[in-house]
Structure formats: C-alpha cells, structure tokens
Amino acid sequence: MARIILLVALFLALYYVVRQIASSWRTQNKTASAQQKLVQCSSCGLHVPEAESTVIHGQYYCSNPECNPESSQNPTHDE
Ligand SMILES: [Zn+2]
C-alpha cells in the first residue's frame with residue numbers, strides 16, 4: 001500500500017515538474033513573438049512593440065505616461 005502512495009506521489013511530482021517546464025517554455029516563446037508584434041496605442045495612435053505596451057481593459061497604451069489612464073493623475077485635486 002505504501003508503495004502505491006509513493007508511486008502516486010512520484011507521478012504527481014513528475015507531472016508538476018513537466019508542467020512547470022512546459023509553461024516556462026511556452027512563456028519564453030510568447031515573449032519572443034510578442035517583441036515582434038506591434039500594437040497601436042489607444043490614446044495617441046503610436047505603434048509600439050507589444051512587449052513595451054501596457055494593456056488596460058483590453059486596450060493597448062504606449063509607454064508615454066500621458067497615454068496611460070492609470071498612471072496619469074488628475075491635477076484638479078489641488079491642496
Ligand atoms: Zn500613446
């Protein structure tokens with residue numbers, strides 16, 4: 001009985017390791033293709049590599065802080 005549990009544990013560990021390797025390999029491949037893909041900034045219309053763009057609510061934005069709706073602060077609140 002103990003041997004079966006050990007076997008199952010070993011199998012699960014192996015499965016986990018294989019999955020980790022496969023997912024990291026897939027991420028690397030994704031990054032390589034993302035660097036070549038150009039996306040258009042939703043704010044200024046500039047084309048930037050997907051790797052350098054920011055995705056907010058499914059929209060692409062370039063690295064310009066003025067284009068990024070989450071990084072630009074509203075200066076109307078002044079104290
Ligand atoms: Zn922009």
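Modeller: Let's start with His57: this residue counts as exposed, with 7 C-beta neighbours inside 10 Å. Bear in mind that this is a predicted model, where local features need pLDDT of at least 70, side-chain atom pairs count only at pLDDT 80 or more, and totals for chains, interfaces and linings use all residues. Residues are numbered from 1 along each chain as its sequence is written.

Biologist: How should I read "exposed" or "buried" here?

Modeller: Count the other C-beta atoms within 10 Å of a residue's own: 20 or more is buried, 12 or fewer is exposed, and in between is partly exposed, with C-beta atoms placed from the backbone. His57 is exposed because 7 C-beta neighbours lie inside 10 Å.

Biologist: And where does His57 lie?

Modeller: In the loop between β3 (54–56) and β4. Strands are DSSP runs of E, at least two residues, and helices are runs of H or I, at least four, numbered from the N terminus. The protein has one helix and four strands, in the order α-β-β-β-β from the N terminus on.

Biologist: What about the phi of His57?

Modeller: Most residues other than glycine have a negative phi. His57 has a positive one, near 50°.

Biologist: What can I say about the segment after β4?

Modeller: Asn64 is found there, and Asn64 counts as partly exposed because 15 C-beta neighbours lie inside 10 Å. From Asn64 to Thr54 is 10 residues in sequence and 9.8 Å in space, C-alpha to C-alpha. Glu66 also has its place in the segment after β4 (59–61).

Biologist: Is Glu66 buried or exposed?

Modeller: Exposed, because 11 other C-beta atoms are within 10 Å. Glu66 and Ser43 are 23 residues apart in sequence, and their C-alpha atoms are 8.6 Å apart.

Biologist: How do the totals for the protein read?

Modeller: Buried residues make up 5% of its 79 residues. For contacts, two residues qualify if their C-beta atoms, placed from the backbone, lie within 7 Å. Of the contacts with a separation of 6 or more, 4% are between residues 24 or more positions apart.
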